[in-house]
Amino acid sequence: MRLYDTYTRGFVELSAPPGPVRMYFCGPTVYARAHIGNARPFVVGMWLRSWLRANGYDAQLVHNITDINDKIYEAAPGASAELAARATDWYLQDTGDLGLGMPDHLPKATESVPQIVHFIEELVAAGHAYPVEGDVYFRVASFPGYGRLSGQRPDQVEQGEEPSPLKEDPRDFALWKANKPTTEDTWWDSPWGRGRPGWHIECSAMAEEIYGPGFEIHGGGLDLVFPHHENEIAQSRSLGHPFAQIWTHNGMLRFTGEKMSKSIGNVATIREAIDEWGRETVLVFFMTASWRKPIDYSEQTMAQAAARKETLRNAFTLAAAEHDESGWARLAAALDDDFDTPAGLAVLHEWASGGQLELLRRGLELFGLGSLAEREEAPAEVVELAERRLQARAERNFDESDRLRDELAAAGWQMRDRSDGYDLVRA
């Protein structure tokens, strides 16, 4: 299997099974209900783990929770910890309702502060970081490879966020921030005084706490390439740690062509998407675009995904063709080539139209869509309506037949006639 690597700007082959393949995908900053775009790295990571395990890999996935952050303080002055805990529960509930299971580890920044402090101490001792007035900053000039991931020359790297006169270099970034009592209601003790971690150091510390100094894949949204992932590389590799071998960055989700963003108000949450369209449609929607390309979220694209979902579900109301196991290789070829889910979805549709139901069921299960193969039994009152409609058609009472068809539809069912009877399927 090969995956596109942002760091080398090319494709990298995974080692043969069993690997291991240890993955760390950056999770959300928890201060509000997560928008549907936040689900994309979660879904891609869970799908990739599913496919690797199906192929004999020892695959693990870490998905962190950033529950210490300026955005949380700003969203809930005086109650940031309570909001972070509540928003974490929302995120776990909403992603859980996608039906893909959960990552192997879900570390939180608040539970990792001792490891973060130790990591910063190592950077200071090695000369890669410096404390000043309660803050600690990473010394960008001490790491010659800075800018490689984002494609910037070290001497032309954008100035970092959080301008401060305390920095030696405007590009330097905070590893530890002194507590601001008027705006920050949570803090931890450290060798540099009371404060809390910066954003970037959290992931280096949490990833290495679970996997050690090196692992195979680091994922996250394309918007994290700079500065977040650039800074993670600097923090870890400046200490001689190999850190991640492959960097995978999923494309952004756009709302009718624009990047989805809370700041411009064009956000649909994961909860809203599931409630409106159902989890199966949401998952099919994510399959329709390459993981590293943008994907547009709109009424039209979601309706198209819903129609594709129904096509896949309806295949299981038809007679199965003779099983052809050789067809599985076509799905494997698509997914092994940079995890090409649009090509994989096309294979699933071919199996649906060709009656390869066993292959289709196995393929759907990889993506959390095995429920499409399950036939829901109609309740007795719906079966009674269908029997009455069958009788009306036999008596050529087409007005009554049409009325009963509409009544079935209103109850959420569709009656599909066969030469030897009928099928009842969810509308």
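Buried means under 20% relative accessible area, exposed over 50%, and partly exposed in between (1.4 Å probe, protein chains only). This is a predicted model, in which local features need pLDDT of at least 70 and side-chain atom pairs count only at pLDDT 80 or more, while totals for chains, interfaces and linings use all residues. Residues are numbered from 1 along each chain as its sequence is written, and side-chain values use heavy atoms, with hydrogens and water left out. The topic is salt bridges, each defined as a side-chain nitrogen of Lys or Arg within 4 Å of a carboxyl oxygen of Asp or Glu. The count comes to 26 salt bridges. Helices (H or I, at least four residues) and strands (E, at least two) are DSSP runs, numbered from the N terminus.

**Arg2 and Asp337**
- The closest N and O atoms of this salt bridge are 2.7 Å apart.
- Arg2 is in strand 1 (residues 2–5) and Asp337 in the loop between helix 10 (328–336) and helix 11 (341–354), so the pair ties together parts 335 residues apart in sequence.
- Asp337 is partly exposed at 34% relative accessibility, and Arg2 is partly exposed at 28%.

**Asp104 and Arg49**
- Asp104 forms a salt bridge with Arg49, with the closest N and O atoms 3.1 Å apart.
- Arg49 counts as buried at 10% relative accessibility, whereas Asp104 is partly exposed at 32%.

**Glu400 and Arg403**
- The closest N and O atoms of this salt bridge are 2.9 Å apart.
- Both residues lie in helix 14 (residues 398–410), three residues apart, and are therefore separated by about one helical turn.
- Glu400 is partly exposed at 25% relative accessibility, and Arg403 is partly exposed at 38%.
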